[in-house]
Amino acid sequence: MAGETILVVDDATVNLKLTDIVLRKEGFRVHAVADAEQALHMIPELHPSLILADIQMPGMDGLEMTRRIKGNPAMRDIVVVALTACAMKEDEQRALDAGCDGYITKPIDTHTLGSQIREYLARPDSM
Amino acid sequence: MTPEPRRQGAVAERETQELWKLPDSLLEFVDSGDEEMIVEILTLFQHDSAERLRDLNVALANKDRDAIRKQAHTLKGAALQVGAMALSSVCLQLEKHADRTPEPELLELVCRAWEYYERTCREMLQAYHT
């Protein structure tokens with residue numbers, strides 16, 4: 001499972017960098033981008049095992065990006081996990097409604113992020 | 001002397017928590033000898049937050065409440081991640097009240113965000129020379 005490719009999408013530079021560092025330390029191959037359009041452009045070639053995406057981003061948000069991924073037969077097998085603000089409970093349901101496979105609340109916990117990602121990757125429907 | 005009337009609205013919710021405390025999960029990187037990574041994250045936070053605060057000023061000048069809410073949301077998340085609790089809290093107020101708070105109160109909240117940002121940077125400088 002370590003060595004799998006993770007695509008992180010977040011417009012917040014600090015969160016993007018920290019997530020990148022933590023997941024690399026966990027042994028994943030990480031690609032980090034700051035907007036959804038760039039992420040969608042990269043997916044066909046990168047074909048990541050999992051996408052970790054912020055919900056609220058300028059331009060195309062994480063929800064619209066997820067809808068496009070899950071609506072595309074060539075991409076819909078990719079696990080998409082939303083990053084939601086812990087104070088915004090309604091975002092969690094919106095993420096699931098958009099097709100996300102789950103969500104992780106921010107601020108990210110550097111202790112548990114790796115194991116959370118591994119759990120999502122180990123789900124039977126993510127194979 | 002007549003007591004000052006209690007203020008209502010977003011500005012009345014004065015933050016009470018401490019200014020900045022590196023979260024335990026990040027402190028572990030320091031303890032394991034990876035202080036360089038913390039310095040990199042804090043430096044990024046300082047640069048990115050200054051840019052977003054300048055964007056907040058522009059949004060306020062343009063009376064663009066949607067932009068105020070979005071910038072405050074992103075700044076709040078970054079501040080929370082590095083333990084800048086007071087800045088995160090005032091950004092939460094901005095995000096929650098951007099749509100209906102009178103402009104003078106929004107201005108006061110943005111000024112307070114700048115104040116907390118600058119004080120947080122000073123503390124970071126003392127602690128990690130960033």
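Chain B exposes about 6,900 Å², of which carbon and sulfur atoms supply 50%; accessible areas were computed by the Shrake-Rupley method with a 1.4 Å probe, and for residues only the protein chains shown count as cover. The structure is a predicted model, in which local features need pLDDT of at least 70 and side-chain atom pairs count only at pLDDT 80 or more, whereas totals for chains, interfaces and linings use all residues. Residues are numbered from 1 along each chain as its sequence is written, chains are lettered from A and ligands numbered from 1 in the order in which they are written, and side-chain values use heavy atoms, with hydrogens and water left out.

Chain B contains 5 helices and 0 strands, and from the N terminus its elements follow the order α-α-α-α-α. Helices (H or I, at least four residues) and strands (E, at least two) are DSSP runs, numbered from the N terminus. Of the 130 residues of chain B, 49% count as buried, a class defined by a relative accessible area under 20%, with exposed over 50% and partly exposed in between (1.4 Å probe, protein chains only). Contact denotes heavy atoms within 4.5 Å. Among contacts in chain B between residues at least 6 apart in sequence, 72% join residues at least 24 apart.

Val82(B) lies in helix α3 (residues 65-82) of chain B and is buried, its relative accessible area being 0%. Apart from neighbours within four places in sequence, the contacts of Val82(B) include Trp20(B), Leu26(B), Phe45(B) and Met124(B), as well as Val14(A). Asp24(B) is 58 residues from Val82(B) in sequence and 10 Å from Val82(B) in space, C-alpha to C-alpha.

The contact between the chains draws 19 residues from chain A and 22 residues from chain B. The size of an interface is often given as the accessible area lost when the parts come together. Here chain A and chain B bury about 1,800 Å² between them, 65% of it on carbon and sulfur atoms; this buried area (1.4 Å probe) is summed over both parts.

Across the interface, 3 salt bridges are found, each requiring a side-chain nitrogen of Lys or Arg within 4 Å of a carboxyl oxygen of Asp or Glu. Lys25(A) and Asp34(B) form a salt bridge through their side chains (2.9 Å, N to O). On the side of chain A that touches chain B, helix α1 (residues 13-25) of chain A gives the most, with 8 residues.

Methods. Buried area = accessible area lost by both parts, 1.4 Å probe.
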